[in-house]
Amino acid sequence: MRHEDVWRAIDALAAENGLSASGLARKAGLDPTAFNPSKRTGPDGRSRWPSTESVAKVLTATGTGIDAFAALVTGAPALPRKAMPGRRIPLIGLAQAGGQGFFDDGGYPAGAGWDEISVPDVPDPHAYALEISGDSMEPVFRDGDVVIVSPGAPVRRGDRVVVRTRKGEVMAKELLRQSARRVELASLNPAHPGYSFGLDELAFMHRIVWASQ
């Protein structure tokens, strides 16, 4: 267990609940600055760890079990793929999804190349799954995480979405705002820039309804 892994888990837990680190601390009844980056290292440069009491309050406030938090610390999915119950839906890697022939004109999974995965029941008959690769979406989604996408789910501001441009780019982002002409998206990893597209530049925008972390 490493210092940076524990703090990454706290950041991921905050992001999964739509909160900043300060917002998570406040929700847990702690000082809003308790999880600030400046509090993670002491004046002498030594690493500061969150207290057991602080972690316990955060888990209680977010309804998170200790096993799920441990999975965030280790970087492993909290729910192993083979243990997922329910129906089977198409699965493909996010990096592959930008290729030709994987979606039809309606933005639904099509063609060869798709795998299958068992997931919790999703009412949308066109739902599909994408496997995340790389670290560009941390701390929300990590390499190997699986997200379930519902083309039929309504998309609202603040939702996490999968977007495919007409040029074939596929990305997972957060919807900041949508006007009659443009869509503004925020990157899930704060180290990466946001994006703005004209609606005519997008092939589709689908809502992420579940993730395997």
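**From the rings to the sheet**

Modeller: F102 is buried, and W114 is buried as well, where buried stands for under 20% relative accessible area, exposed for over 50% and partly exposed for what lies in between, calculated with a 1.4 Å probe on protein chains only. This is a predicted model, in which local features need pLDDT of at least 70 and side-chain atom pairs count only at pLDDT 80 or more, whereas totals for chains, interfaces and linings use all residues. Residues are numbered from 1 along each chain as its sequence is written, and side-chain values use heavy atoms, with hydrogens and water left out.

A pair of aromatic rings is described by the distance of the centres and the angle of the planes. Rings of Phe, Tyr and Trp (its six-membered ring) pair if their centres lie within 6.5 Å, and the pair is called stacked if the planes are under 30 degrees apart, edge-to-face if over 60, and tilted for the rest. The structure holds seven such aromatic pairs. One of them joins F102 to W114, an edge-to-face arrangement with 6.3 Å from centre to centre and 80 degrees between the planes. This pair links distant parts of the chain, 12 residues apart, with both F102 and W114 in the loop between β1 (88-93) and β2 (115-118); strands are DSSP runs of E with at least two residues, numbered from the N terminus.

F103 and F204 form another aromatic pair, this one tilted, with the centres 5.0 Å apart and 55 degrees between the planes. Because F103 lies in the loop between β1 and β2 while F204 belongs to strand β9 (residues 202-211), the pair ties together parts that are 101 residues apart in sequence. F103 and F204 are both buried, and ring pairs link F102, F103, W114, Y128 and F204 into a cluster.

V161 stands opposite R207 in β9. Towards β6 (residues 170-178), β5 again runs antiparallel with five bridges, and here V161 stands opposite K173, while V163 has M171 as its bridge partner. Four residues lie between the strands in the hairpin of β5 and β6, where G168 takes a positive phi near 100 degrees.

How much of β5 (residues 160-165) is buried? Six of its six residues are, so this strand is largely enclosed by the rest of the structure. Both faces are covered, with R160, V162 and R164 buried on one side and V161, V163 and T165 buried on the other.

Technical notes:
Two strands pair if DSSP finds at least two bridges between them.
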